[in-house]
Amino acid sequence: MPQNMRILLKSTPVGPPGPEHFEAAHCDMPVATENQALVETLYLSLDPYMRGQISGRHLSGAVKPGDTMRGEAVSRVISSNMKGLKAGDLIAAHTGWQSHAVISDGVFRLLGFDALPPSLALGVLGMPGLTAYAGLKRLGEPKAGDRLLVSSAAGTVGATVGQIARLMGCETIGIAGGPQKYAWVTDTAKFAACIDYKNEKIRDGLMRLCPPRPPLGGVDIYFDNVGGDVLLAAMENMALHARVILCGLMTQYNTDSIPAGPPPGLIIRARATVRGMVVYDHEDMRAEAIDKIAAWIKSGDLVYREDMTIGLEHAGATFARLMRGETFGKVIVKVAN
Ligand SMILES: NC(=O)c1ccc[n+]([C@@H]2O[C@H](COP(=O)([O-])OP(=O)(O)OC[C@H]3O[C@@H](n4cnc5c(N)ncnc54)[C@H](OP(=O)(O)O)[C@@H]3O)[C@@H](O)[C@H]2O)c1
């Protein structure tokens, strides 16, 4: 008898998670009743916000030891009792780290990206893409000639922000760790320049690539995915009326203590606007974001990367790689063909 495989949180990590904090469990296949459908997971998305769920600090709630890990996946419908959904259809839904699930009306998106790969519904055409598009357009208010700085520029959110900003006429500067990511950001994603913060002091890179715009610094828009020293250095270089979008805190997800942040005096001096980004607030822009980003992918103006692992049993180890900063591109687990 085929069984459903699930990945559970085994214990709550202190510090970076490892494969030992997750365990596989097998149980009976779920059964679809009226107005439900049985789906098989094809691609599972792994995202930094899951670290916040594990430590109970994420706004979507906590995952406790013994719980199935939560997450969004692209799945194929195996059988359906739902009007308008048939076997073979592809959907995206928050079905969690498991091989099979039952979905109900209103909790999934039917996919249809023409010629583009379905896994993109979890990355550049999914939640991270919407974060980039809405965060930049709505909160960053970019205009041609602005200089945009973005951290974690080789990640899905950062790379998409930088490329959309370039398409809107901004000068785009990325921050990424290591020579491989540096080369991809500049050569493939076509940022104007990049600071490899593992090989150059961030403040030296900012002086070189974001020279001051008197009376203040040279960064018009800073899209922050990491927090910490990089955020502080970027804010020390804000231009007059700069916009700062606080989107992610990669440097802090694995710690329990909250380090001192940038002093408010820097915001006041630059008359800057600092705005927090929560992707859930921008659902109304999803269709527009998908249309635009898909068109840019097809025209070759926007590139993306996927970091694909095969096998649901490797989800825990892959998530540990993500939280150590060792992944490069949208982190996906391929669960079935
Ligand atoms: N606010 C929202 O609604 C929202 C929605 C989606 C995502 N986000 C946030 O956006 C950020 C980017 O998300 P993403 O999905 O595109 O992931 P991602 O950029 O692939 O995130 C992982 C990358 O973060 C970088 N990083 C920097 N400092 C790190 C550290 N101390 N430890 C580990 N990694 C570090 C690493 O790149 P380098 O090697 O280049 O440093 C790493 O590869 C995350 O902070 C995420 O939480 C927020």
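A residue is called buried here when its relative accessible area is under 20%, and by that rule tryptophan 184, with a relative accessible area of 9%, is buried. The structure open in your viewer is a predicted model, and the stops below can be selected one after another.

**First stop: tryptophan 184 and its partner**

Select tryptophan 184 together with phenylalanine 328, and look at how the two rings are placed. Their centres are 5.9 Å apart and their planes stand at 90°, so the pair is edge-to-face. Tryptophan 184 belongs to helix H4 (residues 179-188), while phenylalanine 328 is in the loop between helix H9 (315-323) and strand E15 (330-334), so that the pair links distant parts of the chain, 144 residues apart. Phenylalanine 328 is buried too, with a relative accessible area of 6%.

How many aromatic pairs does the structure hold? There are four aromatic pairs, and the next one to select is that of phenylalanine 22 and tryptophan 97, which is stacked, with 5.4 Å from centre to centre and 20° between the planes. Phenylalanine 22 lies in strand E2 (residues 22-28) and tryptophan 97 in the loop between strand E5 (90-93) and strand E6 (100-104), so this pair ties together parts that are 75 residues apart in sequence. Phenylalanine 22 is buried at a relative accessible area of 8%, and tryptophan 97 counts as buried at 0% relative accessibility.

Phe319 leads on to helix H9, where it is one of the buried residues, together with Ala315, Gly316, Thr318, Ala320, Leu322 and Met323. Seven of the nine residues of H9 are buried, and the helix is mostly covered. Which elements cover the buried residues of H9? The cover includes E2, strand E3 (36-45), H1, strand E14 (306-310) and E15. Just after H9, select glycine 325, which takes a positive phi of about 80°.

From here, move to arginine 51, which lies in helix H1 (residues 49-54). Is arginine 51 buried or exposed? At 2% relative accessibility, arginine 51 counts as buried. Leaving out residues up to four places away in sequence, arginine 51 touches Phe319 and Met323, and also Pro13, Gly15, Pro17, Tyr253 and Asn254. For a view across the model, draw a line from the C-alpha atom of arginine 51 to that of methionine 82: the two residues are 31 residues apart along the chain, and these atoms are separated by 34 Å.

Next, display the strands E8 to E13, which make up an open sheet of six strands in the order E10-E9-E8-E11-E12-E13, with parallel pairing. At the edges are strand E10 (193-196) and strand E13 (273-276), each of which pairs on one side only. Neighbouring strands of the sheet are turned by 15° against each other on average, with direction ignored. Helix H3 (residues 156-167) packs on this sheet, where it touches strand E8 (147-151), strand E9 (171-176) and E11, and its direction makes about 170° with that of E8.

Within the sheet, zoom in on strand E11 (residues 219-224) and strand E12 (residues 238-246), which pair in the parallel sense over five bridges. Isoleucine 221 stands opposite arginine 243 in E12. Aspartate 220 has its place in strand E11 and counts as buried at 9% relative accessibility. When its neighbours within four places in sequence are left aside, aspartate 220 is in contact with Arg243, as well as with Gly145, Asp146, Arg147, Arg213, Ala239 and Ala242.

**Last stop: the cysteines**

Finally, select the cysteines, bearing in mind that the structure holds zero disulfides. Cysteine 170 is in no disulfide, and the nearest cysteine sulfur, that of cysteine 210, is 13 Å away. Cysteine 170 counts as buried at 7% relative accessibility. Cysteine 210 is likewise in no disulfide, and the nearest cysteine sulfur to it, that of cysteine 194, is 11 Å away. At 0% relative accessibility, cysteine 210 also counts as buried.

Notes. Residues numbered from 1 in each chain as written. Predicted model: local features only at pLDDT ≥ 70, side-chain atom pairs only at ≥ 80, totals over all residues. Heavy atoms only, no water. Pairing = 2+ DSSP bridges. Helix = DSSP H or I, 4+ residues; strand = E, 2+ residues; numbered from the N terminus. Axes fitted to C-alpha atoms, helices over the stretch in contact; angles between N-to-C directions. Contact = heavy atoms within 4.5 Å. Phe/Tyr/Trp six-rings, centres within 6.5 Å; stacked < 30°, edge-to-face > 60°. Buried < 20%, exposed > 50% of the residue type's maximum accessible area, 1.4 Å probe, protein only. Disulfide = S-S within 2.5 Å.
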